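I opened the model to go through a few local features one by one, and these are my entries in the order in which I looked them up.

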Amino acid sequence: MKKIAFIFFVLIVPVRFVSGNGGREDTGRKAGLRVMTYNIHHCNPPSAGDRIDIEAIARVIRQEQPDLVALQEVDVYTTRSGKGVHQARELAKLTGMNFFFSKAIDYQGGEYGVAVLSRYPVLDSIRIALPVDAVKGGEPRTLAGIVVKPEKGPRLVFASTHLDLRAYNRLSQSRIIIDYFSGSALPVIIGGDFNAEPGSEEINLFDASFTRSCGDDCAGTIPVHVPSRTIDFIMFKPAGTFEVLSTRVISEKYASDHLPVITELRYK
């Protein structure tokens, strides 16, 4: 039987790439959180050719006024998106939020990965490099995590991830994330593009440890025109931490090839 080798490592890194007004008060919010996850397709609207439109993504985020945003497919200093452009930093500026970026791979002279935005100050940050099968290959992925303290509620971990297209890599990546947060003393919220649908082995693994905000009624998130697959989720743990007030998929068909998901959570 052929032995399969996986490569992974976890880095706890100092806070970096922080900008914006993370401490602004929203007096309309009670003891709850508005959380978004959005695969932004490196800010390249599919109908716009090679055009990069960071403002289009920022506009979607501003309209929803989330407290926390998980971003996937983020470019930093790449040829295709602009050698001087750090997309996570630009989105933070345009939305008035703080940010943290985690590289998955080197790409076109720059970096490509995931990021988080937060309207709260970033207290700490975590980067997890997710494995690929050393024999079968695949694209290395990552998780970007931050520790924040909402105005009304305890400190928590908020993270963004984007799992591989290949199921054998997704399974190992899922296990690494679940194992890493299994002993967390803080509540954990994860948003991401999991490239797997409800009922798959990967999502079943997460369901055993996390609570999906959409439960058994998850709307499609891709393609943006007549979405037929649900692969973008927001999850949290422990189960008793939050009450899910609502989860909805935003029908925004221009800015990306994925529809963003937004969830309203209230501390129990």
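**Disulfide.** I looked for bonded cysteine sulfurs and found that C214 is joined to C218, with an S to S distance of 1.9 Å. The structure holds one disulfide, and I note that this is a predicted model. I then read the torsion about the S-S bond of C214 and C218, which is about 75°, so I recorded the disulfide as right-handed. Both C214 and C218 are buried. I also checked C43, which is buried with a relative accessible area of 0%.

**Cis peptide bonds.** Most peptide bonds are trans, and I wanted to see where the model departs from this. I222 and P223 are joined by a cis peptide bond with omega of about -10°, and P223 sits in the loop between β10 (211-212) and β11 (232-237). A cis peptide bond also joins K237 and P238, again with omega of about -10°, and P238 is placed in the loop between β11 and β12.

**Positive phi.** Most residues other than glycine have a negative phi, which made me look up the exceptions. H42, although not a glycine, has a positive phi of about 40°; H42 is in the loop between β2 and α1. With a relative accessibility of 9%, under the 20% cut-off, H42 counts as buried. Q65 likewise is not a glycine and has a positive phi near 50°, and its place is just after α1, in the loop between α1 and β3. Is Q65 buried or partly exposed? At 48% relative accessibility, Q65 counts as partly exposed.

**D193.** Last, I went to strand β9 (residues 188-193), where D193 is found. D193 is buried yet has no salt bridge, and the nearest side chain of opposite charge, that of R141, is 6.1 Å away. What does the side chain of D193 make a polar contact with? The partner is the side chain of N39, at 2.9 Å. Leaving out residues up to four places away in sequence, D193 touches N39, Q72, T161, H162, L163, I231, D232 and H258.

Key. Residues numbered from 1 in each chain as written. Predicted model: local features only at pLDDT ≥ 70, side-chain atom pairs only at ≥ 80, totals over all residues. Heavy atoms only, no water. Helix = DSSP H or I, 4+ residues; strand = E, 2+ residues; numbered from the N terminus. Buried < 20%, exposed > 50% of the residue type's maximum accessible area, 1.4 Å probe, protein only. Lys, Arg positive; Asp, Glu negative; His and termini not counted. Salt bridge = Lys/Arg side-chain N within 4 Å of Asp/Glu carboxyl O. Polar contact = N/O pair within 3.5 Å; in protein donor to acceptor, adjacent residues only side chain to side chain. Contact = heavy atoms within 4.5 Å. Disulfide = S-S within 2.5 Å.
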